[in-house]
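Hi,

Here is the structure I promised to pass on. Have a look at it, then read my notes below.

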Amino acid sequence: MVSPPQQTLSQRLVDSGLRATPQRELVYRTLLARMDHPTAEELFTRSKLELSGISLATVYNCLEALVNCGLVKQVQLDRGPCRYCPNLHEHAHLYDQTSGHITDIEIPPQIAAQLRSLLPSGYESSTIDLNFHARPTPQS
């Protein structure tokens with residue numbers, strides 16, 4: 001399962017002290033519709049197709065709420081705009097430097113444990129953010 005069901009969406013928002021507004025639900029649903037790590041601006045364009053009166057500021061506020069309640073992760077690649085990922089499983093991102101496409105890469109539990117073992121004594125990791133920047137290898 002990539003993301004929680006609608007009932008969990010509402011409960012996570014309520015648990016964070018937020019209401020499950022139609023705008024938040026729309027932004028979340030729009031994010032889930034295409035698992036392509038969109039920017040806020042891309043989500044704004046897609047959301048406007050369903051709710052023409054939604055503003056870019058509202059989309060940013062909805063994304064902030066979804067991130068703060070743990071339903072969405074921010075993905076920062078280079079100096080470009082932040083991207084958003086609803087995949088809550090521990091995973092890495094492959095950023096194709098040629099096409100700009102971002103793909104999720106599963107991190108097996110044993111690899112995640114090895115990565116965590118690299119932390120200095122006295123530290124505990126809550127998450128692992130791992131991004132690969134790569135180009136397709138030339139065909140010979």
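In what order do the 3 strands of the open sheet come? They run β4-β3-β5, with mixed pairing (strands are DSSP runs of E, at least two residues, numbered from the N terminus; two of them pair if DSSP finds at least two bridges between them). β4 (102-106) and β5 (131-134) are the edge strands with a single partner each, so one side of each has no neighbour in the sheet. β3 and β5 run parallel and are joined by 4 bridges, and Tyr95 sits opposite His133 in β5.

Before I go on: this is a predicted model, where local features need pLDDT of at least 70 and side-chain atom pairs pLDDT 80 or more, while totals for chains, interfaces and linings use all residues. Residues are numbered from 1 along each chain as its sequence is written, and side-chain values use heavy atoms, leaving out hydrogens and water.

Now for Asp96, which is part of strand β3 (residues 91-96). Asp96 is buried (under 20% relative accessible area, with a 1.4 Å probe and protein chains only), yet has no salt bridge (a side-chain nitrogen of Lys or Arg within 4 Å of a carboxyl oxygen of Asp or Glu). The nearest side chain of opposite charge, Arg135, is 7.1 Å away. Instead, the Asp96 side chain reaches the backbone nitrogen of Thr98 at 2.8 Å.

Elsewhere, the structure does hold 5 salt bridges. One of them joins the side chains of Arg29 and Glu50 (2.5 Å, N to O).

Cheers!

Note on methods: Buried means under 20% relative accessible area, exposed over 50%, partly exposed in between (1.4 Å probe, protein chains only). Lys and Arg count as positive and Asp and Glu as negative; His and the chain ends are not counted. A polar contact is a pair of N or O atoms within 3.5 Å; within protein, one must be able to donate a hydrogen and the other to accept it, and residues adjacent in sequence count only if both atoms are side-chain atoms.
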